[in-house]
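This report is meant to be read beside the sequence and the 3D view. Please keep both open while reading.

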Amino acid sequence: QVQLVESGGGLVQAGGSLRLSCAASGRTFSNYAMGWFRQAPGKEREFVAAISGSAGNTRYADSVKGRFTISRDNAKNTVYLQMNSLKPEDTAVYYCAAKFSLRAYDGQRYDYWGQGTQVTVSS
């Protein structure tokens with residue numbers, strides 16, 4: 001099984017930046033497409049971004065396109081979400097997810113999920 005641990009969340013002012021990290025266990029990290037999701041209280045879990053295992057293809061939700069960037073370092077078994085120009089509506093728990101696939105996947109049917117990290121953007 002793949003273990004995922006998110007970090008980097010916190011409290012920031014609107015317009016600020018954060019970089020989230022997701023550390024994965026195992027030796028086959030490059031075989032997994034990775035994704036970021038978020039969920040605000042009382043809201044459904046929402047797709048944010050996804051990246052393919054090795055080809056570097058990415059997908060983004062329209063709400064974050066141009067502000068967020070997903071990337072991965074397979075040598076470090078880590079995926080990142082760089083979040084710039086943060087808005088109060090970005091406030092949510094952010095989750096990292098892994099799917100045994102080399103293609104980027106923007107759906108909900110990921111195989112493994114992390115515990116989440118809180119991002120709060122004040123105005």
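## Basis

This is a predicted model, in which local features need pLDDT of at least 70 and side-chain atom pairs count only at pLDDT 80 or more, while totals for chains, interfaces and linings use all residues. Residues are numbered from 1 along each chain as its sequence is written, and side-chain values use heavy atoms, with hydrogens and water left out.

## The sheet

Four strands form an open sheet in the order β1-β3-β8-β7, with antiparallel pairing. The edges are taken by β1 (4–7) and β7 (68–73); each has a single partner strand, so one side of each lacks a neighbour in the sheet. From one strand to the next, the twist averages 15 degrees. Strands are DSSP runs (E, at least two residues), numbered from the N terminus, and two of them pair if DSSP finds at least two bridges between them.

Strand β1 pairs with β3 (residues 18–24) over four bridges, in the antiparallel sense. S7 is placed opposite S21 of β3.

## Two buried residues

V2 belongs to the segment before β1. Its relative accessibility is 11%, so V2 counts as buried (buried means under 20% relative accessible area, exposed over 50%, partly exposed in between, with a 1.4 Å probe and protein chains only). Not counting residues up to four places away in sequence, V2 touches A24, S25, Y32 and Y112, where contact means heavy atoms within 4.5 Å.

S52 sits in the loop between β5 (46–51) and β6 (58–60), and is buried at 1% relative accessibility. Leaving aside neighbours within four places in sequence, the contacts of S52 include R72, L102 and A104.

## Aromatic rings

There are seven aromatic pairs in the structure. Rings of Phe, Tyr and Trp (its six-membered ring) pair if their centres lie within 6.5 Å; planes under 30 degrees apart count as stacked, over 60 as edge-to-face and the rest as tilted. Y32 and F100 have ring centres 5.2 Å apart and planes at 75 degrees, so this pair is edge-to-face. Y32 is buried at 9% relative accessible area, whereas F100 is exposed at 53%.

F37 and W113 make a tilted pair, 4.9 Å centre to centre with 55 degrees between the planes. F37 lies in strand β4 and W113 in strand β10, so the pair ties together parts 76 residues apart in sequence. Ring pairs link F37, F47, Y105, Y110 and W113 into a cluster.

Methods
Axes are lines fitted to C-alpha atoms, for helices over the stretch in contact, and angles run from 0 to 180 degrees between N-to-C directions.
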